Amino acid sequence: MKIIKIKNIAELNAYKEKAKNKFAVKENGGMKIIVGMATCGIAAGAAPVLEILNEEIKSKKLENVSVAQAGCIGLCQYEPIVEVFESGKEKITYVKIDAKKAKEIVNSHIIGGRIVSNYTIGEAIKNL
């Protein structure tokens, strides 16, 4: 973990803006993919999911799509969790994702615009 020494309010505000921009969805049709990488996510297999998503986005040259990791999303029993944010649309939360499902999400949802409904949190709750 990198320790940042902030000396004044201006540096704090600059750091805050940089962090905010890092996680913001681009307004020009961009997409942001977040992978839960807290302890429970990592234990459930989130690291390979994050790796596959990064590889797929890079290999398909999807320049308006970014992948980032987050801490706890709060749904440990559904890990690994992948959230897709798209400008002007509701967030889609995918649960119990593995490498194969991650590739399908990229091809169907990210590229094709078709949500993979059977991997979403809504579908998981229906099947309880």
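**Close-up 1. K96 and its positive phi in the predicted model.** K96 is partly exposed, with a relative accessible area of 46%, where buried means under 20% relative accessible area, exposed over 50% and partly exposed in between, for a 1.4 Å probe and protein chains only. Although K96 is not a glycine, its phi is positive, at about 55 degrees, and the residue sits in the loop between β4 (92–94) and α4 (99–111). Helices (H or I, at least four residues) and strands (E, at least two) are DSSP runs, numbered from the N terminus. Most residues other than glycine have a negative phi, and most peptide bonds are trans. This is a predicted model, in which local features need pLDDT of at least 70 and side-chain atom pairs count only at pLDDT 80 or more, while totals for chains, interfaces and linings use all residues. Residues are numbered from 1 along each chain as its sequence is written, and side-chain values use heavy atoms, with hydrogens and water left out.

**Close-up 2. K61, in the loop between α3 (46–59) and β2.** K61, which follows α3, has a positive phi near 50 degrees, and at 65% relative accessibility K61 counts as exposed.

**Close-up 3. The cis peptide bond from E79 to P80.** Omega of this bond is near -10 degrees, and P80 is found in the loop between β2 (65–70) and β3 (82–86).

**Close-up 4. The buried and exposed residues of α3.** The buried residues of α3 are A46, V49, L50, I52, L53, E56 and I57. They cover an arc of only 165 degrees around the axis, which puts them on the same side of α3, the arc being that of the directions from the helix axis to the C-beta atoms. These buried residues pack against β1 (31–36), α2 (39–44), β2, β3 and α4, with contact meaning heavy atoms within 4.5 Å. On the face turned away from the buried side, α3 carries the exposed residues K58 and S59.

**Close-up 5. The open sheet of four strands, in the order β2-β1-β3-β4 with mixed pairing.** β2 and β4 stand at the edges, each with a single partner strand, so one side of each is left without a neighbour in the sheet; two strands pair if DSSP finds at least two bridges between them. β1 and β3 pair in the antiparallel sense over five bridges, and F85 in β3 is the bridge partner of K32. α3 packs on the sheet, touching β1, β2 and β3, and its direction makes about 165 degrees with that of β2, where axes are lines fitted to C-alpha atoms, for helices over the stretch in contact, and angles run from 0 to 180 degrees between N-to-C directions.
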